[in-house]
Amino acid sequence: MIAALRSELVKLRRRRVLILTALLTLAFSVGSAALIVTSAERTGNPRGRGVTFASLADAGGGTEVFTTAVSFAGTFLFVVFVGAVAVEFSRGTFRTMLLHQPRRLRLLAGKMTGLLLFAAFILAASEALTWLSARLLAPSRGVPTADWISFRALGDAFTDYASVLFWVSGYALLGMTIAVLVRSVPLALGIGIAWAGPVEHILQDAWSPVNRYFPGLLLEAFVAGGTSEVSASRALLTVVVYVGIAVAIAATTFARRDVTG
Amino acid sequence: MTQETAEALRQRYPQEERPPVALVTNGLSKRYGRRLAVDALSIEVPTGVVAGFIGPNGAGKTTTMAMLLGLVRPSAGTATVLGESIEEPATYLSRVGALIEAPSFWPGLTGVQNLRALAVLGGHDESRIPEVLDLVGLDTRGSDRFGEYSFGMKQRLGIAAALLGDPALLVLDEPTNGLDPAGINEMRDFIRSVGDGRRTVLVSSHILSELEQVCDWLIVIDRGSLVYQGPTQGFLGRAGAVVALAPEHLGDLDRLAELARADGHEPHAEGDELIVPVGESDPRRVALALNKAAIAQDIVLAELEVRRPSLESNYLAVVEGRGR
């Protein structure tokens with residue numbers, strides 16, 4: 001698995017990829033921090049996804065901006081991981097890789113670990129940039145940030161980072177499963193976008209109990225620290241079960257399926 | 001294995017001298033729904049040969065190669081590659097280099113970066129990258145992105161990737177695809193040089209004249225079934241040489257035919273030529289005798305040619321004989 005992980009990093013650690021990723025991360029972090037801080041409200045948001053002056057002023061206010069910003073990018077992240085795996089089938093590069101690493105599960109595990117490691121670095125950079133941007137912008141709205149530099153703030157930062165990393169990993173592994181099952185970029189993206197975007201949210205509006213069962217909504221609930229319908233711990237547990245089943249299906253399929261074309 | 005093939009094997013490799021085989025299949029089959037892509041294929045490729053794998057499009061060549069490489073699971077049958085069962089590709093693939101179907105790499109990576117990713121993945125020595133790029137003639141284009149390569153260059157990079165692990169067995173599926181005539185010529189020399197007896201090469205191609213020049217072992221399949229396997233010369237010897245005569249005047253064709261019959265042959269006309277199969281006779285002696293006889297009868301020959309069987313002509317005869 002280590003060889004597959006290192007091989008994946010060879011592909012990701014290119015100047016072009018690193019520069020593009022750095023620019024996107026910078027734009028996303030600064031832009032989303034500006035949007036969230038300027039749209040912060042004095043009273044609470046009933047949907048629970050906005051931020052208030054009170055929560056911003058808290059020790060974890062700086063990294064709350066980060067988690068709030070990232071939570072809006074769920075569909076995007078899902079699509080990125082679906083595409084990253086499905087394209088290896090469409091392009092025929094899984095075939096090429098299997099000729100050099102025939103242990104299929106190690107190959108898949110190494111590839112996903114490489115992608116998640118890369119995502120972990122991006123998230124860490126994004127959290128730092130978002131915090132810094134929010135700290136520069138918050139005084140303009142009269143939000144005090146003195147508590148943002150404290151041990152409690154550091155603890156909140158680690159907790160928020162871990163939550164977001166889990167949330168991203170959930171999307172990544174569910175996306176991988178769709179990609180392994182359908183093996184086509186357009187089809188996988190179509191399913192991924194439709195499910196994570198309109199399907200779950202339309203059904204959510206129509207029938208609220210789906211908040212407790214649909215994986216995308218559960219991931220959103222988890223990263224938001226829980227909602228009125230489902231607690232964060234229940235969302236975490238349910239998502240772990242879903243992801244476990246999904247990974248088992250993907251692993252079994254990938255290990256046994258013919259790789260051609 | 002056909003009776004003829006078994007005989008060919010016995011002749012070339014008597015039991016006590018038969019070299020170990022690089023790969024063996026026994027009743028290997030692959031079914032896709034109702035279509036049988038490979039039908040109980042039993043073949044042997046001796047170690048150290050350059051084996052040509054030929055058959056019409058859809059005959060099952062690529063599927064067979066994919067099964068040998070662990071990419072496709074057989075529906076029935078068994079096979080070993082370098083002495084290891086194909087059920088455990090990890091036990092032998094580190095000693096096998098392969099290019100199968102179209103060359104597939106990451107378009108945003110350069111040639112060198114693509115090879116590095118695969119070298120790391122396969123645990124191959126990265127220091128071999130310049131060497132294999134040089135071997136396939138891409139030494140000056142290694143820093144270009146794969147997406148900018150021509151198809152021929154992509155094919156070459158595929159072969160470079162196959163050579164990364166200095167394999168004992170090289171499996172090449174249509175390696176001349178997309179190459180220009182000069183590239184095909186280079187590929188022929190390349191296959192000849194890598195198949196120097198130190199390693200075994202299994203190569204499929206639809207350009208039979210190329211295989212004829214480099215292969216000393218042939219496997220011919222059609223519609224998933226084995227038609228022939230054995231030494232190339234054994235396959236070429238299935239049809240005898242012919243002598244082709246073209247008289248200056250077309251009206252002399254019948255008289256020429258009489259002369260050939262008088263010499264014990266059974267000629268037939270093809271256009272303005274008389275084709276004389278020579279059977280077991282020496283074709284040059286037959287040509288000499290017919291020329292002398294024609295001169296004696298005041299028949300002027302515009303053309304006299306000995307035509308020896310080619311891989312292509314034999315292959316076409318076999319395939320057409322099977323109802324294609």
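Author: Between them, chain A and chain B of this predicted model bury about 2700 Å², and 59% of that area lies on carbon and sulfur atoms. Chain A brings 30 residues to the contact, and chain B brings 32.

Helix α5 of chain B runs over residues 151–163. From its first C-alpha to its last, this 13-residue helix reaches 19 Å, close to the 18 Å expected at 1.5 Å a residue. Because 11 of its 13 residues are buried, α5(B) is largely enclosed by the rest of the structure. The buried residues include M153(B), R156(B), L157(B) and I159(B), as well as the run A160(B), A161(B) and A162(B). What covers them comes from both chains: α6 (93–100) of chain A is part of the cover, and chain B's own contribution includes the strands β6 (96–99) and β7 (169–173) and the helices α3 (111–122), α4 (129–135) and α6 (181–194).

Searching the whole structure turns up 4 cavities of 30 Å³ or more. The largest cavity holds about 90 Å³ of space. Of its 14 lining residues, T96(A), L99(A), A98(B), L99(B) and I100(B) lie nearest the centre. Two or more lining residues come from each of α6 of chain A and β6 and α5 of chain B, with α6(A) giving the largest share, 4 residues. By class, the lining has 9 nonpolar, 4 polar and 1 charged residues.

The second largest cavity has a volume of about 70 Å³. Its lining includes L99(A) and H100(A) from chain A, and A161(B) and A162(B) are among the chain B residues there. Again, α6 of chain A and β6 and α5 of chain B each supply at least two lining residues. Here the largest share, 3 residues, comes from β6(B). This lining has 7 nonpolar and 5 polar residues, and no charged ones.

Strand β4(B) provides the largest share, 4 residues. The lining divides into 14 nonpolar, 4 polar and 6 charged residues.

Finally, the largest pocket contains about 1200 Å³ of space. Among its 33 lining residues, L12(A), V17(A), T21(A), V80(A) and F118(A) are the closest to the centre. Four helices of chain A, α1 (2–12), α2 (15–38), α5 (74–90) and α7 (104–137), each supply at least two residues of that lining. Its make-up is 21 nonpolar, 4 polar and 8 charged residues.

Notes: Residues numbered from 1 in each chain as written. Chains lettered and ligands numbered in written order. Predicted model: local features only at pLDDT ≥ 70, side-chain atom pairs only at ≥ 80, totals over all residues. Heavy atoms only, no water. 1 Å grid on protein atoms, 1.4 Å probe; cavity = no way out; pocket = protein on both sides within 12 Å on 5 of 7 lines; lining within 4 Å. Points joined across faces, edges and corners; volume = space filled by probe spheres on them. Nonpolar A, V, L, I, M, F, W, Y, C, P; charged D, E, K, R; others polar. Expected span 1.5 Å × (residues − 1). Buried < 20%, exposed > 50% of the residue type's maximum accessible area, 1.4 Å probe, protein only. Contact = heavy atoms within 4.5 Å. Buried area = accessible area lost by both parts, 1.4 Å probe.
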